[in-house]
Amino acid sequence: MSLEKCPECSKEPTEDELLAQFEEILDGYVGKPGGLIPALQTAQKLFGYLPKRVLQLISMKLDIPYSEVTGVVSFYSFFTTVPKGKYMVRVCLGTACYVRGGKDVLAALEKELEIGVGGTTSDGLFSLDVGRCFGACGLAPVIMVNDETHQRVKPEKVKEIIDFYRDIEMTIIKEKAG
Amino acid sequence: MVTLSINNINVEVPEGTTVLEAAKKVGINIPTLCHFEGKKPLGACRVCLVEIEGGRALAASCSTPVAHGMKVFTNTKRARSARKTVVELLLSEHNGECKTCDRNNDCELQNLAYQMGIEDIRLKGEVAKPHIDKSTPALVRDNGKCIKCRRCVTVCNEVQAVGALFPQGRGFSSMISPAFMSDLETVACVQCGQCAAVCPVGAISERSHIDDVWKALDDPTKMVIVQTAPAIRAALGECFGYEPGTLVTGKMVTALKQLGFDKVFDTNFTADLTIIEEGTELLMRLKDKIVNGKKVALPQFTSCSPGWINFVEYFYPEYTENLSTCKSPQQMFGALAKTYYAEMLCKDIDEIVVVSVMPCTAKKFECQREEMNASGIQDVDYVLTTRELAKMIKQAGIDFTSLPDSKMDSPLGLSSGAADIFANTGGVMEAAIRTVYEIVTGRELPLENLHVEPLMGLDGVKTATLKIEGTQPDWSFLEGVELKVAVAHGLSNARKLFKSIENGEEYHFVEVMTCPGGCIGGGGQPRFTDDSVRQKRLAAIYAEDEGKELRKSHENPDIKRLYERYLGKPLGETSHHLLHTHYKKKEIFK
Ligand code: SF4
Ligand code: SF4
Ligand code: SF4
Ligand code: FES
């Protein structure tokens with residue numbers, strides 16, 4: 001199951017549409033022991049995170065108490081209940097980037113965004129994550145923001161990069177406001 | 001059978017026995033914290049470590065099965081010091097002050113620290129943050145004191161099949177709590193307090209009403225009356241050093257009078273009343289179905305256990321029609337105290353304070369339900385658990401053991417043995433059968449000692465069938481009918497019963513008690529309650545019943561008088577207004 005855009009209009013499906021889709025998938029896990037973690041993984045792939053009402057649906061359908069479901073979700077660090085930010089910032093911590101200061105870049109990002117790895121800013125704009133080698137070792141250290149690569153990043157440059165995306169957002173907001 | 005030695009004492013036990021159980025057999029008590037009678041061992045707390053010859057590491061005795069020829073040593077320097085370190089570690093993270101703690105003198109952690117001779121905590125660790133949850137009427141939780149033994153998780157998930165509590169997060173910052181570390185009120189908790197009953201420390205307790213009750217007692221403008229549930233008399237003594245199963249009814253009444261209650265009444269009185277109303281309701285449902293061909297909800301479910309009511313309202317809302325509309329005896333009492341009794345005394349209801357002593361934490365919730373104000377104001381003002389009553393007796397400096405016996409006051413104090421057995425699983429059903437059978441046939445229930453044997457004891461789900469023959473003219477439609485009843489205690493057993501009903505099993509009447517063993521095992525009873533304690537309390541209650549002249553609810557003269565003077569007839573208009581209620585569907589997710 002992958003999250004496909006509608007082939008005709010190429011619109012992202014809404015969360016309600018996804019929920020209906022997910023409910024069908026969930027039927028396949030009903031009555032099967034050990035179904036909780038695979039169901040959660042599928043949900044996370046589909047929604048990008050684990051919304052509360054999805055967890056409630058899982059609890060109901062799989063007949064597992066809600067507190068147990070959230071307990072399992074909070075035990076594993078690969079599950080998240082916060083929607084991913086619009087911009088996914090990933091810092092390469094592969095050997096080359098690591099040696100050339102990838103860690104300092106990460107620290108600078110954490111400071112700038114006021115979140116930790118795996119976190120999302122409260123305005124929902126940025127999420128922060130780390131990666132292993134984006135295949136640009138010659139240009140280390142590298143970070144990626146969604147599909148765009150930024151090379152030879154220095155901790156001092158981090159604010160500039162982030163501000164670039166913040167500016168885009170400001171423009172969008174202004175345009176919308178007319 | 002397997003033979004092994006423990007501290008050089010030979011012992012023979014069945015295969016599959018744990019080292020912990022085998023040690024107990026030869027009189028060696030190994031400390032435990034996460035261990036839970038009858039459930040799969042968790043092996044989480046490591047306080048039960050012992051040395052096994054040939055084993056490199058120490059073994060957790062609660063989860064190590066015995067083996068032939070095994071040599072166990074519980075008292076070596078290594079084992080002692082390992083256990084001591086485990087407790088020290090717990091204490092180093094523990095955020096509590098014994099002298100002001102609800103569990104002072106009644107705490108397993110404190111006890112272990114004493115037993116192990118811990119005089120100094122050498123380990124300095126990060127201390128858990130206090131996190132106090134007072135969101136429910138019944139319970140207070142403090143995660144700072146929690147030692148993460150998970151007993152509450154086991155009881156809430158496996159015994160009660162509610163699942164309100166579960167470990168959230170991982171590592172040091174993890175918490176044993178409702179979903180997302182939120183408050184209990186945000187999840188479907190039935191307020192049974194079994195978590196508080198099994199918690200070894202002060203991390204879950206009942207919400208105390210002690211101060212409120214003292215305040216009422218100290219107020220000369222108030223008339224403070226108290227009702228005591230049947231299960232108290234078989235357990236209160238434990239708080240004063242008596243063996244479980246010692247009946248202390250007379251001393252309890254004296255203590256309550258010395259505390260300053262103006263009248264000491266008995267919830268038993270309204271238990272008898274419940275039988276009249278609920279038995280009549282059952283007969284009416286049967287008549288409507290058989291004679292009038294109406295669609296009625298059967299089986300009828302008992303309604304005296306407020307945790308069970310919550311359980312149905314949350315998890316089986318399609319069955320709320322099956323619940324008897326009768327209020328619980330506690331609430332019938334409250335309603336009568338502030339109407340019938342107040343009118344008798346020509347008192348303003350604002351002058352009367354009604355206090356209950358209950359084995360139960362959910363009763364604190366029940367008395368605050370919006371439906372429970374038939375008198376115009378809240379019918380029952382405060383609810384004390386058995387444990388809280390014991391504390392008040394101690395606070396007042398009363399030497400309980402040397403008290404003389406006294407009798408309950410009239411007119412809300414006289415009761416039959418049928419009311420006593422409300423405390424036991426199967427008791428409400430037996431009491432109802434004693435009365436219903438006699439109404440329908442005009443003859444006494446033809447069973448030895450008036451007991452319905454298959455409904456007694458600690459089996460999780462019990463059933464019985466009773467053939468009705470020789471009916472009175474009014475009830476001839478029941479001639480030859482086999483009355484089928486079922487009893488469950490502990491909500492996981494209620495789930496089993498629901499499953500059998502959904503699979504087509506047909507019953508006429510079903511009794512469910514929230515707590516294992518019934519009220520004698522309630523969440524507000526003295527700690528620690530295991531099956532052997534339950535057995536003793538059950539036996540004490542049956543003895544109280546058998547010792548009474550009056551054994552059947554419908555023979556209680558004060559109940560007859562109540563109908564003559566005030567209520568009219570069972571299920572009549574006044575009854576309907578004062579003694580009956582309704583239920584609602586509750587949302588699981590809030
Ligand atoms: S829980 Fe026990 S050890 Fe902790 S403060 Fe209370 S009495 Fe003391
Ligand atoms: S009161 Fe009962 S239902 Fe609520 S958390 Fe405790 S054990 Fe679970
Ligand atoms: S609340 Fe009590 S029973 Fe539950 S884990 Fe903590 S210490 Fe154990
Ligand atoms: S009692 Fe054995 S590990 Fe907890």
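Student: What ground rules apply here?
Tutor: The model is predicted: local features need pLDDT of at least 70, side-chain atom pairs count only at pLDDT 80 or more, and totals for chains, interfaces and linings use all residues. Residues are numbered from 1 along each chain as its sequence is written, chains are lettered from A and ligands numbered from 1 in the order in which they are written, and side-chain values use heavy atoms, with hydrogens and water left out.

Student: How many helices and strands in chain A?
Tutor: Seven helices and four strands. Both are DSSP runs numbered from the N terminus: helices are H or I with at least four residues, strands are E with at least two.

Student: In what order do the elements of chain A run?
Tutor: From the N terminus, α-α-α-α-β-α-α-β-β-β-α.

Student: What box do the C-alpha atoms of chain A fill?
Tutor: Roughly 55 × 45 × 30 Å, along the principal axes.

Student: What share of chain A counts as buried?
Tutor: 41% of its 178 residues. Buried means under 20% relative accessible area (1.4 Å probe, protein chains only).

Student: Switching to chain B. Is helix α9 mostly covered or uncovered?
Tutor: Mostly covered: ten of the ten residues in 306-315 are buried. Among them are B:W308, B:F311 and B:Y314.

Student: What do the buried residues of α9(B) pack against?
Tutor: Four elements of chain B: β13 (300-301), α11 (362-366), α15 (491-502) and β18 (509-513).

Key. Buried means under 20% relative accessible area, exposed over 50%, partly exposed in between (1.4 Å probe, protein chains only). Contact means heavy atoms within 4.5 Å.
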